[in-house]
Amino acid sequence: MIPRCALVVPASHPRMVTKALASAADEVVLDLEDAVAPDAKDAARAAVVEVLGGAPTPSIAVRVNQVGTPWCHRDVLAVADAVAGTARPVTLVLPKVESAADVGFVERLVRGAAPDAPISVDVLVESAAALRDLDAIVSASPLVRAVVVGYADLAADLGRDPGSDPTLWDVVRQQVVVAARAAGRAPVDGPWLGTAADEAFTRDRSRARALGFDGTWVIHPAQVEEASRIYSPSPAQVDWARQVVSVLESSVAAGAGAVALDGQMLDEAVAVRARAVLARAEALR
């Protein structure tokens with residue numbers, strides 16, 4: 001299941017990792033990249049391997065270092081070796097993806113090191129080049145699970161202030177949603193750059209949900225509960241979905257044509273949306 005809320009923590013900070021693993025986040029993203037200093041990369045990688053080899057935890061993703069750095073292949077192979085021969089799923093998050101070739105490089109490493117391991121890949125969109133070639137990137141490998149927006153690096157590459165009007169990101173968000181859906185991948189929103197679950201956080205995350213995102217990253221445990229609420233079907237949405245499915249099934253059984261519910265005409269497009277709401281609610285039980 002695509003996480004409603006993924007909590008990102010530096011793999012080099014044991015206390016933060018322990019706290020994240022004990023949180024209510026659907027997924028914990030252990031960061032080996034920007035949050036880890038170069039001289040701490042090896043120790044952080046070893047810490048990730050220890051987590052993957054330990055007791056069952058929430059869903060784990062590992063943000064490896066960028067393709068082309070001295071650490072990327074070591075990160076990928078360490079994670080692949082840690083789960084090889086097990087049934088433990090793990091997701092590799094590829095930062096600063098520039099092309100389909102970057103995804104292909106990581107796929108070859110995974111296929112060679114752990115061909116049967118349940119490893120998926122999320123791609124981080126963090127540059128103008130990634131936006132330009134997004135369709136090719138998200139379709140580059142069957143391992144790709146989701147597309148995540150990396151606002152801080154993307155803002156820098158676009159010459160944009162990441163703290164400016166959040167609606168300026170709507171075009172980027174729409175492009176990511178369309179590319180992801182067209183390729184059968186999940187769109188996941190990148191982290192709000194503040195640490196509070198305040199009104200601005202709720203408003204922006206709700207906007208991303210309305211644009212079609214399936215979940216979001218957060219950078220502080222205080223944001224987990226609100227993010228999970230936003231990306232969960234509400235009781236009212238579940239009731240509506242059940243009514244839609246029931247009314248349409250009764251209509252088909254009776255051989256009726258057009259059918260309405262609360263003044264809205266129902267058709268297969270509405271049914272698809274209703275079934276998706278019910279499937280999401282069932283997966284969260």
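**The interior: cores, pockets and a cavity**

Modeller: The largest nonpolar core comprises 65 residues, and L30 and I119 have the most contacts inside it. A nonpolar core here is a set of buried Ala, Val, Leu, Ile, Met, Phe, Trp, Tyr and Cys residues joined through side-chain atoms within 4.5 Å. Buried stands for under 20% relative accessible area, exposed for over 50%, and partly exposed for values in between, with a 1.4 Å probe and protein chains only. The model is a predicted one, in which local features need pLDDT of at least 70 and side-chain atom pairs count only at pLDDT 80 or more, while totals for chains, interfaces and linings use all residues. Residues are numbered from 1 along each chain as its sequence is written, and side-chain values use heavy atoms, with hydrogens and water left out.

Beyond its neighbours within four places in sequence, L30 is in contact (heavy atoms within 4.5 Å) with V9, A11, V17, V48, V51, I60, A61, V62 and R63.

V93 belongs to strand β4; helices (H or I, at least four residues) and strands (E, at least two) are DSSP runs, numbered from the N terminus. V93 has a relative accessible area of 0% and is therefore buried. Leaving out residues up to four places away in sequence, V93 touches V29, A61, V62, R63, V64, D122, L124 and W217. From V93 to A276 the separation is 183 residues in sequence and 26 Å in space, C-alpha to C-alpha.

On a 1 Å grid over the protein atoms alone, a pocket is an open set of points with protein on both sides within 12 Å along at least five of seven lines, whereas a cavity is a set of points where a 1.4 Å probe fits but cannot get out; lining residues have an atom within 4 Å of a point. Grid points are joined across faces, edges and corners, and a volume is the space filled by probe spheres set on the points.

The largest pocket has a volume of about 410 Å³. It is lined by 14 residues, of which R209, P233, A276, V277 and R280 are the closest to its centre. Two or more lining residues come from each of α11 (235-254) and α12 (268-283), and α12 gives the most, with 5 residues. The lining divides into 8 nonpolar, 2 polar and 4 charged residues; Ala, Val, Leu, Ile, Met, Phe, Trp, Tyr, Cys and Pro count as nonpolar, Asp, Glu, Lys and Arg as charged, and the others, Gly among them, as polar. P233 is situated in the loop between α10 (224-230) and α11. Residues up to four places away in sequence aside, P233 touches V238, V277, R280, A281 and L284. P233 and L284 are 51 residues apart in sequence, yet 9.4 Å apart in space, C-alpha to C-alpha.

The second largest pocket has a volume of about 260 Å³. Its lining consists of 17 residues, with R63, A152, P191, W217 and I219 nearest its centre. At least two lining residues each are supplied by β1 (5-10) and α7 (151-158). By class, 11 of the lining residues are nonpolar, 1 is polar and 5 are charged.

Strand β6 (residues 144-149) contributes the most, with 3 residues. The cavity lining has 7 nonpolar, no polar and 3 charged residues.

The structure holds 1 aromatic pair. The ring centres of Y151 and W169 lie 5.1 Å apart with the planes at 75°, so the pair is edge-to-face. Rings of Phe, Tyr and Trp (its six-membered ring) pair if their centres lie within 6.5 Å; planes under 30 degrees apart count as stacked, over 60 as edge-to-face and the rest as tilted. Y151 sits in helix α7 and W169, 18 residues away, in the loop between α7 and α8 (170-182), so that the pair links distant parts of the chain. Y151 counts as buried because its relative accessibility is 6%, and W169 is likewise buried because its relative accessible area is 4%.
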